Amino acid sequence: MSEDRKRILDMLAEGKITAAEADTLLGALGAPADGPSPSSGTKTAVTGPPKFLYVKVTGEDTVDVKVPLGLLRAGLKLTSLIPPQAMDQINESMSESGMTLDLNNLKAEDIEGIIENLREMEVNVNSKNGDKVRVWCD
Amino acid sequence: MAMLPPTVVNVRIREPDSRGFRIWLPLFLLWPLLLLIIGSALTVSIVVDFVGIIVGARYHDYTRLLLGCMQILAETRGTHAHVHGHDDNLVDIDIY
């Protein structure tokens, strides 16, 4: 037991803080007072950015695609190196197509954030004809 | 950060009425040629960027752009695509 954790529990035992306050403080230390939550028990703790984007289609046709996310990272980083004249043309074409994303504003930390959060993304489509499409990152 | 280009590409295509074919492309045999091309391109881009910096050009990132393109090429390693149609068409592509 760490010193901080012991101190919080002592304060709780002495009645200096309430159980709710102790719970908050223990939570802030990164150690939940009541152990791991049941909902998190089924999912293994996976850290770090995902490595691949998977697309799986099952049904009449079978499609199985695995794309390295490093490709996305390298592609997005390359956007910051595109010559300004070409970038202006790209942004103009994108806005004509209804995409108002300005690639000039895309920063390296944004790219990492996007890729990191892709782990949470999962797309499941079940069509009427029985085809199932699943897109996820891992 | 991987910078090595793909070593092998495996392509398999099969149609319903034929045996189809499988190609194993040893891309690593092309590496010496690629090295020559990239070496020449890098030399030119470094000179162009250097001149660009000296004359105060707005854009002088051709070397980084070239390295970025190489990075994209390298990151294709690990790509896998498998398509099996209902009429027994098959396309399989693996990049190692």
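Author: Trp136(A) is buried, because its relative accessible area is 17% (buried means under 20%, exposed over 50%, and partly exposed in between, with a 1.4 Å probe and protein chains only). The model is a predicted one, in which local features need pLDDT of at least 70, side-chain atom pairs count only at pLDDT 80 or more, and totals for chains, interfaces and linings use all residues. Residues are numbered from 1 along each chain as its sequence is written, chains are lettered from A and ligands numbered from 1 in the order in which they are written, and side-chain values use heavy atoms, with hydrogens and water left out.

Let us begin with the ring of this tryptophan. There are 3 aromatic pairs over all chains (rings of Phe, Tyr and Trp, for the last its six-membered ring, pair if their centres lie within 6.5 Å; planes under 30 degrees apart count as stacked, over 60 as edge-to-face and the rest as tilted). One pair joins Tyr54(A) to Trp136(A): the ring centres are 5.0 Å apart and the planes meet at 15°, so this pair is stacked. Tyr54(A) belongs to strand E1 (residues 52-58) of chain A and Trp136(A) to strand E4 (residues 132-137) of chain A, so the pair ties together parts that are 82 residues apart in sequence (strands, E, of at least two residues and helices, H or I, of at least four are DSSP runs numbered from the N terminus). For comparison, chain B holds a pair with another geometry: Tyr59(B) and Tyr62(B) have ring centres 4.9 Å apart and planes at 85°, so they are edge-to-face. Within that pair Tyr59(B) is buried, with a relative accessible area of 13%, whereas Tyr62(B) is partly exposed at 37%.

Back in chain A, Trp136(A) forms one aromatic cluster with Phe52(A) and Tyr54(A). The charged end of Arg134(A) sits over the ring of Trp136(A), 4.0 Å from its centre (NZ of Lys or CZ of Arg must be within 6 Å of the ring centre and within 35 degrees of the ring normal). In like manner, the charged end of Lys66(A) sits over the ring of Phe52(A), at 4.3 Å from the ring centre.

Arg134(A) has a further partner. Its side chain meets that of Glu122(A) in a salt bridge, 2.9 Å from N to O (a side-chain nitrogen of Lys or Arg within 4 Å of a carboxyl oxygen of Asp or Glu).

Strand E3 (residues 122-126) of chain A runs antiparallel to E4(A), and 5 bridges join them (strands pair if DSSP finds at least two bridges between them). Val123(A), for instance, has Val135(A) in E4(A) as its bridge partner. E3(A) and E4(A) form a hairpin with 5 residues between them, and in the turn Gly130(A) has a positive phi of about 95°.

How many salt bridges are there over all chains? The count comes to 6. Another of them joins Glu112(A) to Arg73(A), at 3.0 Å from N to O. Glu112(A) is in helix H6 (residues 108-117) and Arg73(A) in helix H4 (residues 69-79) of chain A, 39 residues apart. Glu112(A) is partly exposed at 31% relative accessibility, but Arg73(A) is buried at 19%.

In chain B, Asp88(B) forms a salt bridge with Arg14(B), whose closest N and O atoms are 3.0 Å apart. Asp88(B) lies in the loop between strand E3 (80-84) and strand E4 (90-95) of chain B and Arg14(B) in strand E1 (residues 8-14) of chain B, so the pair ties together parts that are 74 residues apart in sequence. Most residues other than glycine have a negative phi; Asp88(B), however, has a positive phi near 70°.

Finally, the two chains meet: 21 residues of chain B are in contact with 18 residues of chain A (heavy atoms within 4.5 Å). Between chain B and chain A the count is 0 salt bridges.
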